Amino acid sequence: MMLANSLYLNFAIPVIGACLIALLHQHRRAFELVFIGTAAVLLWNTLRLFDLGQAAYFTNISPFSLIDSIPLAFHLEPLGLLFSGIASSLFLVTTLYAIGYMNANNEKHLARFYFCFCIAIFAVMGIAFAANLLTLFIFYEILSFSTYPLVTHKGNEAARNGGRAYLGLLLSTSIGFFLIAILWVWGSTSELDFVRDGFLQEQMPKEALIVLYTLFAFGVGKAGLMPFHRWLPSAMVAPTPVSALLHAVAVVKAGVFCVLKITVYVFGIDLLSSSGASTLIIWVATATMLLASLVALTQDNLKARLAYSTVSQLSYIVLGAALATASSIAGASMHMATHAVGKITLFFCAGAIYTAAKKTKVSELDGLAKAMPITFIAYTIAALSIIGLPPMAGSWSKWFLLDGALQAEYFWVAIAFIISTLLNMAYLLPVVTRGFFAPAKDNISGIQEAPWMCLLPLSITAVSCFVLFFLLQELHLFLQPLFN
Amino acid sequence: MTHHLAILQVVLPLIAAPICSLINHSKACWLFATTVAWLVFAMSLSLFLEVQTGGSIRYEIGGWQPPWGIEYHIDALAAFVLLLVSAMAAITLSAFQRSIAIEIPKHKQGLFYTAFLLCLTGLLGIVATADAFNIFVFLEISSLSAYALIALGRDRRALTASFEYLIMGTIGATFILIGIGLLYMQTGTLNIADLQARIPEISHLHSVHAAFAFFTIGIFLKLALFPLHHWLPGAYAYAPSAVSTFLAATATKVALYLLYRVFYTVFGFEFSFEVLQLHYILMPLSILAIVISSLNAIFQQDVKKMLAYSSLGQIGYMTLGISLLSDVGLIASILHLFNHAFIKGALFMTMACFLFRTPSMRLDDLNGAGRTMPWVGMAFVLGGLGLIGIPLTSGFISKWFLVSAVIEQGHWWLVAIIVFSSLLALIYVWRVVEHLFFREPSAALVANKQPIGALLPFTWIVLLSTLYFGINSDFPVQAAKAAAKVLQ
């Protein structure tokens with residue numbers, strides 16, 4: 001009972017927060033406080049779930065049934081807890097940042113913005129704790145729709161076109177592939193519940209498994225596999241806090257989380273590695289990883305560059321899932337956390353630079369580090385983490401992924417990982433070198449750091465990139481229940 | 001006592017209709033008709049509950065025993081459709097008082113309510129009766145009153161639309177009458193149960209085959225199944241808002257009921273689908289309806305017309321379910337009949353809300369209307385999601401069953417078509433959403449503060465019910481299963 005109530009509380013908190021924001025929409029200070037409060041309470045409750053949950057993994061909690069015998073059901077398991085932990089802790093940081101950013105840039109319709117933000121987090125919680133494929137799918141769609149108003153927040157032509165690509169791609173992949181894959185599983189096994197070690201054993205021929213896995217991987221458009229990745233750069237028309245939390249953390253991580261969850265709990269690691277059902281996806285993900293990095297190199301707009309970097313990094317996680325070894329799954333799960341912290345810092349920095357200096361292009365950043373030292377130091381730390389250099393958190397997840405590729409005997413994937421790391425350096429570090437070492441082209445004397453509400457969050461996440469490096473042991477232990 | 005309700009719920013609006021024309025005062029007529037509609041709803045609700053617990057109800061009119069007397073027969077399917085029709089009638093009448101007062105000339109309002117009640121009588125009668133000739137009579141009552149209702153539209157094109165419907169509808173009804181005549185000639189009976197018992201013996205006769213053909217074309221016309229659909233978009237688009245809402249939610253649904261009745265009950269599954277193999281016609285037509293109508297909907301400038309084309313596509317889904325010849329397919333069809341009625345009803349109601357302040361239903365006139373009327377705009381978005389079949393709306397539930405049925409039969413290419421048409425639905429819905437929210441509203445629209453009144457809360461009630469049935473689908477799914485069982 002205790003567990004069920006705490007779990008429901010994690011859904012209730014963002015919804016109550018959203019309702020309060022809607023009620024208070026005329027009092028800016030009040031709904032800003034509610035927004036932060038919602039995030040704080042959510043984080044507190046999620047941490048409580050970490051304590052409660054570990055004793056009760058895979059216990060289904062179902063409020064009611066949806067269709068016939070398929071219930072709306074939730075459960076706790078390590079991956080979901082990890083994902084909800086990442087999302088709710090970064091949500092708290094982002095609320096601070098969002099308030100600082102939105103006010104500094106005089107954005108309008110704030111209440112609507114925060115309202116949708118809360119609903120999006122509600123959907124993320126649903127995805128994290130979903131206990132069957134249908135529940136997962138439902139919250140996946142809620143996430144798509146609740147973020148649409150955030151992407152199109154500015155309401156102009158560019159926002160409308162960006163929103164079109166965003167919703168169009170996410171919906172067509174989810175209806176066209178994801179839903180069909182779910183119905184296929186339902187039709188051939190009459191089962192949708194996530195089970196430790198998966199439930200598809202021996203029920204389908206190998207060829208069908210390949211098609212099914214491909215349908216799932218492409219169907220989860222949020223995982224950003226090429227050629228269905230275009231929505232992510234399109235979503236960059238959104239205000240930066242949205243790009244930071246949703247399109248570097250919540251939405252894209254929801255995507256790769258779905259892939260991980262389906263890999264582990266529907267197919268099962270053993271079945272996947274013995275049947276080779278994921279071979280095609282390994283190719284696609286490797287190609288996406290490299291191609292997106294190459295595209296990132298050509299982007300001058302900082303947010304667009306980061307967006308393509310995200311596409312590339314997501315493929316690391318999909319690769320980790322598709323390789324289906326204990327190390328690669330552990331590496332993929334850790335990469336969800338380390339990339340989230342790193343990438344949100346980078347986006348925060350991009351937003352801070354825009355807020356303080358109104359600059360959006362990499363080529364305009366020359367010498368700017370002298371005016372904004374904290375922002376650029378934070379950027380450097382996060383960039384190093386994403387590249388995967390010790391002593392930053394990203395180095396561990398890449399280590400495990402590399403190990404996983406070698407274990408699965410995909411040597412060319414291991415080589416691709418290394419090439420991609422070099423590419424990461426090539427597109428992330430120019431910002432650092434330009435900022436610190438290039439002489440300033442324009443007059444930067446008037447430019448100061450962004451307001452403290454922006455600065456504090458990005459400092460926190462940058463420090464976390466460093467701290468997480470030392471928490472590896474705990475994280476690895478926490479993920480152990482996946483493998484035995 | 002309760003078994004009298006079977007006839008009472010048809011007779012009550014029939015008697016109320018002429019009284020309405022005698023009252024002939026707009027407000028009083030509205031109050032009277034609305035009360036009648038709610039009473040009818042209460043009756044069909046108690047009939048529904050009765051059928052659920054006690055099995056189907058047979059009522060002999062005047063105590064004359066069938067097959068000589070006329071019999072009314074309320075089984076699980078009929079009770080379900082009666083509930084739907086009466087609920088939509090009650091909701092429409094309650095919600096549209098202001099809208100009707102504005103859209104229809106004052107001296108015609110009394111007659112409007114009269115025609116509306118007659119139309120309701122006809123639709124209920126078709127469903128309740130177990131007599132073939134009676135079906136034709138009620139079909140004509142509902143059709144003739146529908147022609148009159150449509151012709152009351154403000155737009156002068158309503159007259160041609162109504163005339164076209166009259167021509168096509170009359171051909172359809174005549175074909176059905178010829179079918180009934182041929183069967184009567186061969187069997188000497190009009191009672192459906194009696195027909196059902198006698199047809200197998202004479203099913204080799206050409207005249208029975210001819211009757212089947214006449215029924216097929218007649219019902220397809222009434223159902224507006226592609227390619228016999230041309231009368232429907234104009235009729236829905238130019239009719240008064242209240243009429244579009246009511247007809248979109250009920251008229252084609254009752255025609256679909258007739259299709260179930262004739263092909264499953266009268267002729268029987270074996271004769272219709274195994275001997276004459278109706279599904280070889282039904283499936284291609286359904287697919288064409290789904291794809292072509294959805295494509296048509298994308299290119300409409302008038303949103304009501306777009307919704308009408310979308311209805312044609314949705315009818316395609318319902319008939320597609322039948323053509324799969326499986327239990328799940330039939331359940332999907334009945335379920336979609338119910339779910340789509342509410343979704344399309346809600347969408348036409350949002351159009352009526354907009355019409356209070358916008359000059360027409362053209363896309364350009366709706367620019368920015370979602371910003372000036374956020375509640376109506378939101379309602380349209382949610383209804384549109386139901387049309388696409390997004391989870392948590394009832395549209396998703398029926399699509400889930402339909403796609404399950406298709407996969408069960410292994411028709412993967414059909415899955416692709418359903419997905420494709422869902423994406424077409426996304427396009428035509430989102431085109432309107434972008435006009436509603438991403439265009440600047442005209443100055444006249446911003447200045448227009450005309451109150452919408454009761455229509456808005458009722459729109460939301462219908463809409464929330466579709467969301468409720470999307471989250472907790474027990475009621476419609478169980479009812480559809482019970483109804484499908486009757487047909488087997």
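Let's start in chain B, with B:L392, which sits in the loop between α17 (374–388) and α18 (394–408) of chain B. Keep in mind that this is a predicted model. B:L392 is not a glycine, yet its phi is positive, at about 80°. Why point that out? Most residues other than glycine have a negative phi. And is B:L392 buried or exposed? It is buried, because 22 other C-beta atoms lie within 10 Å, and 20 or more is what it takes to count as buried.

There is another leucine to look at, B:L325. You'll find B:L325 in the loop between α14 (303–323) and α15 (327–355) of chain B. B:L325 also has a positive phi, about 60°, without being a glycine. With 19 C-beta neighbours inside 10 Å, though, B:L325 counts as partly exposed.

Now for some peptide bonds. As a rule, most peptide bonds are trans. In chain B, however, a cis peptide bond joins B:F226 and B:P227, with omega about -5°. B:P227 belongs to the loop between α9 (206–223) and α10 (231–238) of chain B. Over in chain A, the bond joining A:M226 and A:P227 is cis too, and its omega is about 5°. The loop that holds A:P227 runs between α7 (206–219) and α8 (231–234) of chain A.

While we're in chain A, let's look at a pair of helices. Two packed helices are described by the angle between their axes and the distance between the axes. For α3 (residues 78–104) and α17 (residues 452–467) of chain A, the axes come within 7 Å and cross at roughly 150°. Angles over 145 degrees count as roughly antiparallel, so that is how α3(A) and α17(A) are arranged. Their crossing is left-handed. Which residues of α3(A) and α17(A) meet? Those from α3(A) include A:V93, A:L96 and A:Y97, and among those from α17(A) are A:M453, A:L456 and A:I460. In this contact, 10 residues are nonpolar, 3 are polar and none is charged.

Last stop: the place where the chains touch. Here 17 residues of chain A are in contact with 19 residues of chain B. On chain A's side, β1 (61–67), α5 (133–151) and α6 (157–189) each supply at least two residues. Which element gives the largest share of that side? It is α6(A), with 9 residues. Sorted by type, chain A's side has 10 nonpolar, 4 polar and 3 charged residues.

Terms used. Residues are numbered from 1 along each chain as its sequence is written. Chains are lettered from A and ligands numbered from 1 in the order in which they are written. This is a predicted model: local features need pLDDT of at least 70, side-chain atom pairs count only at pLDDT 80 or more; totals for chains, interfaces and linings use all residues. Axes are lines fitted to C-alpha atoms, for helices over the stretch in contact, and angles run from 0 to 180 degrees between N-to-C directions. Helices (H or I, at least four residues) and strands (E, at least two) are DSSP runs, numbered from the N terminus. Angles under 35 degrees count as roughly parallel, over 145 as roughly antiparallel, 65 to 115 as roughly perpendicular and the rest as oblique. A crossing is left-handed if the near helix is turned anticlockwise from the far one by less than a right angle, and right-handed if clockwise. Two residues are in contact if their C-beta atoms, placed from the backbone, lie within 7 Å. Ala, Val, Leu, Ile, Met, Phe, Trp, Tyr, Cys and Pro count as nonpolar, Asp, Glu, Lys and Arg as charged, and the others, Gly among them, as polar. A residue is buried if 20 or more other C-beta atoms lie within 10 Å of its own, exposed if 12 or fewer, and partly exposed in between; C-beta atoms are placed from the backbone.
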